[in-house]
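Here is a short briefing on the structure shown below.

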Amino acid sequence: MTGIVQGVGFRPFVHRTATDLGLRGFVCNDTNGVSVEVEGPGIAVETFLERLEAQPPTLAEVRSVMVTELEVSDATAPFRIAETVPGVETSALVAPDVGPCEECLAEFADAGARRHRYAFTNCTNCGPRFTIVASVPYDRSNTTMAGFEMCERCREEFSDPSDRRFHAQPLCCPECGPQLSFITPDGAPIAHDPIGGLVRAIDDGLVVAVKGVGGFQLAVDAGSDVAVARLRERKRRDGKPLALLVRDIAMAKSLCLVTPAEETLLTSPERPIVLLRRRTTPIMRVSDLVAPDNGWLGVMLPPSPTHVLIAEAVVRPLVLTSGNRSEEPMVHRDEDVASRLRGIADAVLTHDREIEVPVDDSVIRVVGGRPLPMRRARGYAPRPIRLPWSLRRPVLGCGAHLKNTVCLARSSDAFVSQHLGDLSNPIIVEQFRRTIDHYTDLFDIRPELVAHDLHPDYLSTAYAMELDGVERVAVQHHHAHIASCLVDNQTNEPVIGLAFDGLGLGDDGTAWGGEVLVADLLGHERIGHLRQVPMPGGDRATKEPWRMAASHLYVADPDVGRGHSSVAQRNADRWTPVTDLARTGLHAPITSSMGRLFDAVAAIVGDRDVITYEGQAAIELEQSIDPTCVDSYPVDIIDGAPFEVDGSTLVARIAADMDRGHPPAVLAARFHNWVVDMSADCADRVRALHGIDIVALSGGVFQNALLVERLIGALEHRGFRVLTHRTVPPNDGGISLGQVAVAGATDLVR
Ligand code: ZN
Ligand code: ZN
Ligand code: FE
């Protein structure tokens, strides 16, 4: 039996099922997953097989069951759980970390129970997994629980097939398991009662570091302007929204409007951060500094019993964000707290179980009634994503540069890593290397084929180049985006791929990002794109959206250059030097990026001249929309192969309307509606040329819920089938999966 069948209570489940049916034999973990030998009446064996597939444990995922008939041995011993087959390197799957289950929560709340209010309560259906596993097979000795010897009573539970903790590797209790402590960043004890100490610190407006599931987090009172401002200043984080921890779904609903689909996600075992629409009159106060100028809040329910203790004790929303300075990765080892969190955290709630693998919180939003991942990490990684076919050789996808993930794949399992982050940071590059090694060992995948981006300067590409004895495959960035969307939808049909993002290197050596492709896993053809414009100052244009406004306005009309619009007035002293860059092309590489078009519009209608975090301009533009506005602007398409969509004339029209005093909310809406109309028109053109009526949407721009919902509506209205992301993000977090899919598919047909 293969799939996620180790560390998820699968053997106990098999044991119970076999015992119930009066079967004899054994179950054990082996190289491929789990093997079972049963002996008994034919009907009982059949029922046994049916039950295995029909009602596996919550966390298990059965991939395949292979049945062979054996000689009858007439053994009389009862069904047993046998030792893991020794000497074999197991490649069975390690499950993601899971939030506390109902039964553990009930026990946790029961004053008479052994684990009453115990921060490390877990069972076979819940608790830490991936973050504590150092190597396989998944046994306690290979986890960071190895140093905690089970007490007598825990051992009994561990060995009792009828107990829900039977063979739960991280099982423990207050007698024998990890303990919380409350200390200064330098390690000096502060309070005897850790949770009491934390509550006092939060009440005093202090910043408290909390050792969470996959790393240290920073907590402050979300209702206190002073505390949130202190956190932002120390973390050096400007405007980027901070996530909240709430006690329960009722508290989430007191702050935000929660749809049934969002409630399901919030309470799911994965416990992700879910983006929720804020109430205009919230019942509990949240500081405006939590998510400035943002109509949405990222909210999560307690992802571990430690968080349950915290949330119940403070009885109000807490900011809970990753423990690091901006641009740095999250701290996950106690020994790094003193050096990396001193000056940020005033106190630390920690414990004596180590985190083996750092994993951030996952972020998801519901779009069109379905979950759309924005950051795939805790609760989801390293659960494999199924490829719609089987690979010939093991493949590694090195991912992109920002929002990097890596993907290791063999046969039809693709293991996309947790979100790693921006490879400009050396610590993240180190984690990138360590993650590849760890996944290689954990899942026994020795890649023979290595897929990477076309961009020679990406450190992920550089890594691929330094590997020996492998075959390399370069995969174009936007092809990888569309391929990841195909895998996400389990298909390999040719599609119309709309790949809209910030920047990715194109086949022609220019920066792409507003691409209309015809693609399948084997190839892509660029049928159309946004008309290219200069990015005055190169990278600076990404950080200063007004430069893109200047560029588009200059391209639309070199004589006027909309020098009198408000964006030009605000930047009057720098306007001419920047339009000169656009004119001469000096230090102004051209791009067809949709993200940069959003930037230009945000600078004009949202006064967003400079951004403090990636994607800010587009996020604010989406937020600012008047949702009742249904008008648009004309779509200008210039024929050709590839055809070109004129974004500059559009920008000039928006600037002119802004000058005429049209409300920014209406202009933002008209712009979004234009993107919808334009996308649907492009899809129509491609359908007429190639007879394809499936459209795949991928790239960071499609994190925009309003855009995706309206575009799905428009495309379906015109008779298209629309593919959107389900398990990997539309942003560059999905690139590694797309690279693996393209390289693997190409490998099959050679
Ligand atoms: Zn449990
Ligand atoms: Zn114990
Ligand atoms: Fe991208």
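Which residues are the protein donors of the iron ion (ligand 3)? In this predicted model, they are His477 (NE2), His481 (NE2), Asp501 (OD) and Asp732 (OD). These donors lie 2.1 to 2.3 Å from the iron ion.

**Iron site (ligand 3)**

- The arrangement around the iron ion is irregular, because its 4 donor atoms subtend angles of 85 to 173°. A tetrahedral call would need all angles between 85 and 135 degrees.
- Along the chain, the iron donors follow the spacing H-x3-H-x19-D-x230-D.
- His481 sits in helix H13 (residues 477-488), while Asp732 sits in the loop between strand S32 (721-723) and helix H23 (735-749), so this pair ties together parts that are 251 residues apart in sequence.
- His481 has 0% relative accessibility and therefore counts as buried.
- Asp732 has 13% relative accessibility, so Asp732 also counts as buried. The cut-off for buried is under 20%.

- Cys123 is buried, at 0% relative accessibility.
- Cys126 is buried as well, with a relative accessible area of 1%.

**Zinc site (ligand 2)**

- The zinc ion (ligand 2) is held by Cys151 (SG), Cys154 (SG), Cys173 (SG) and Cys176 (SG), at 2.3 to 2.4 Å.
- Angles of 104 to 117° between the 4 donor atoms make the arrangement around ligand 2 tetrahedral.
- In sequence, the donor residues of ligand 2 follow C-x2-C-x18-C-x2-C.
- Cys151 lies in the loop between helix H3 (102-109) and helix H4 (152-159), and Cys176 lies in the loop between H4 and strand S6 (180-183), so the pair ties together parts that are 25 residues apart in sequence.
- Cys151 and Cys176 are both buried.

**Domains and one interface**

- The chain divides into domain 1 (1-170), domain 2 (180-351), domain 3 (369-478 + 732-748) and domain 4 (531-632 + 646-671).
- The centres of domain 1 and domain 3, taken over C-alpha atoms, are 30 Å apart.
- Their contact takes 17 residues from domain 1 and 19 residues from domain 3.
- Domain 1 and domain 3 bury about 1,300 Å² between them. Of that area, 60% is on carbon and sulfur atoms.
- How many salt bridges does the rule find across the interface of domain 1 and domain 3? The count is 0.

- Ala291 is found in the loop between strand S12 (273-278) and strand S13 (296-300).
- Is Ala291 buried or exposed? Its relative accessible area is 2%, so Ala291 is buried.
- Not counting residues up to four places away in sequence, Ala291 touches Arg232, Pro241, Arg278, Trp296 and Leu297.
- Ala291 and Ser484 are 193 residues apart along the chain, and 30 Å separate their C-alpha atoms.

Technical notes: Residues numbered from 1 in each chain as written. Chains lettered and ligands numbered in written order. Predicted model: local features only at pLDDT ≥ 70, side-chain atom pairs only at ≥ 80, totals over all residues. Heavy atoms only, no water. Donors = N, O, S within 2.8 Å, 3.2 Å for Na, K, Ca; no water. Tetrahedral: all angles 85-135°; square planar, octahedral: opposite > 155°, others 65-115°. Helix = DSSP H or I, 4+ residues; strand = E, 2+ residues; numbered from the N terminus. Buried < 20%, exposed > 50% of the residue type's maximum accessible area, 1.4 Å probe, protein only. Domains from an automatic or database assignment. Contact = heavy atoms within 4.5 Å. Buried area = accessible area lost by both parts, 1.4 Å probe. Salt bridge = Lys/Arg side-chain N within 4 Å of Asp/Glu carboxyl O.
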